[in-house]
Amino acid sequence: MIYITGDTHRDFARVEEFCEEYGTTEDDILIILGDVGINYYLDDRDDEIKEELSQLPITLLCIHGNHEERPEFIDSYTEKMWRGGLVFFEEDYPNILFAKDGEIYDFDGRKAIAIGGAYSIDKYYRLYFRLAWFESEQPDEYTKKYVENKLEAVGWKVDYALSHTGPLKYLPYEKFLPDMDQSQVDKSTEEWLDYIEDNLNYETWYFGHYHCNIFSGKTMILYEEIVALGE
């Protein structure tokens, strides 16, 4: 089975409980829609939590978020083909995979494109207090072109879009922090995803980032819920 959930931010209690309750194996896949949090400190603390996750009876496919470094900038990661697309992985943790933005994966005949990244509204707080912030948090122009070229190659048609943030038109504005000046928030990624969505023939768009669970029309915003892909 293939399942999907929202941001974990290094807290995998619900994933562990899910694996136990449903008796999962490494043949089962759990897609995490960004901010997994295991490439955050870039030291032994990350290794410790990856070691714990490597013992779980499930395969994790992680979308890149904005509170973590991109795996392509971490020396321990290499690329391999997996379900028709490239993923990043570390040999010590073979059940933990990171999707490469723009790659299209085959889930039992259903196609899903991965598009990671977002702007951190706490960017300046993190910089001020010398907390981890990653310049690579949003897709750059090369990544955007790579995504568009991959979609062009399949005629802009997939079954699912898997992203961290979502198209601008589908953002849950009612869930935004009331004291945050939205005019100061960089929404260029969401604006670009609007362009992608306008041109894409798809069934369901899944994204996380907003720490809420909202199912509406063709979009699913996920946080703590774990659902079956396509249901």
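Student: How many of the six residues of strand 5 (residues 85-90) are buried, and what does that say about how the rest of the structure stands around the strand?

Tutor: Keep in mind that this is a predicted model, and that a residue is called buried when its relative accessible area is under 20%. In strand 5, six of the six residues are buried, so the strand is largely enclosed by the rest of the structure. The burial can also be read face by face: G85, V87 and F89 are buried on one side, and L86, F88 and E90 are buried on the other, which leaves both faces of the strand covered.

Student: Which strands pair with strand 5, and in which sense?

Tutor: To read pairing, look for bridges, since two strands pair if there are at least two bridges between them. Strand 4 (residues 78-82) is joined to strand 5 by five bridges and runs antiparallel to strand 5, with T78 standing opposite F89. Strand 6 (residues 93-99) also pairs with strand 5 in the antiparallel sense, here over four bridges, and F89 stands opposite L97 of strand 6.

Student: What do strand 4 and strand 5 form, and how many residues lie between them?

Tutor: Strand 4 and strand 5 form a hairpin with two residues between them, and R83, in the turn, has a positive phi of about 50 degrees. Strand 5 and strand 6 likewise form a hairpin, with two residues between them.

Student: In what order do the seven strands of the open sheet stand?

Tutor: The order in the sheet is 4-5-6-3-2-1-13, and the pairing is mixed. Strand 4 and strand 13 (226-228) are the edge strands, each pairing on one side only. Averaged over the sheet, and with direction ignored, neighbouring strands are turned by 35 degrees against each other. A parallel pair in this sheet is that of strand 3 (residues 59-62) with strand 6, which has three bridges and places C62 opposite F98. Helix 2 (residues 44-53) packs on the sheet, where it touches strand 3, strand 5 and strand 6, and its direction makes about 110 degrees with that of strand 6.

Student: How many disulfides does the structure hold?

Tutor: The test is a distance, because a disulfide requires two cysteine sulfur atoms within 2.5 Å. The structure holds zero disulfides. For C19, the nearest cysteine sulfur is that of C62, at 13 Å, and this separation is too far for a bond. C19 is buried, with a relative accessible area of 4%, and C62 is buried too, with a value of 0%.

Student: In what order do the six strands of the open sheet stand, and which stand at the edges?

Tutor: In this sheet the order is 7-8-9-10-12-11, again with mixed pairing. From one strand to the next, the twist averages 20 degrees. Strand 10 and strand 12 (residues 219-221) pair in the parallel sense over three bridges, and Y206 has M220 in strand 12 as its bridge partner.

Student: Which residues of helix 5 are buried, and what covers them?

Tutor: Helix 5 (residues 188-199) has 12 residues and spans 17 Å from its first C-alpha to its last, close to the 16 Å expected at 1.5 Å a residue. Its buried residues are T189, E190, W192, L193, D194, I196 and E197. What covers them includes strand 8 (110-115), helix 4 (141-153) and strand 10 (204-207).

Student: Is D35, which has a positive phi, buried or exposed?

Tutor: When you meet such a residue, read its backbone angle together with its location and its accessibility. D35 has a positive phi of about 50 degrees although it is not a glycine; D35 lies in the loop between strand 2 (29-32) and helix 2, and D35 is buried, with a relative accessible area of 2%. R130, also a residue other than glycine, has a positive phi near 60 degrees and lies in the loop between helix 3 (123-128) and helix 4, but R130 is exposed, with a relative accessible area of 80%.

Key:
Residues numbered from 1 in each chain as written. Predicted model: local features only at pLDDT ≥ 70, side-chain atom pairs only at ≥ 80, totals over all residues. Heavy atoms only, no water. Expected span 1.5 Å × (residues − 1). Buried < 20%, exposed > 50% of the residue type's maximum accessible area, 1.4 Å probe, protein only. Contact = heavy atoms within 4.5 Å. Axes fitted to C-alpha atoms, helices over the stretch in contact; angles between N-to-C directions.
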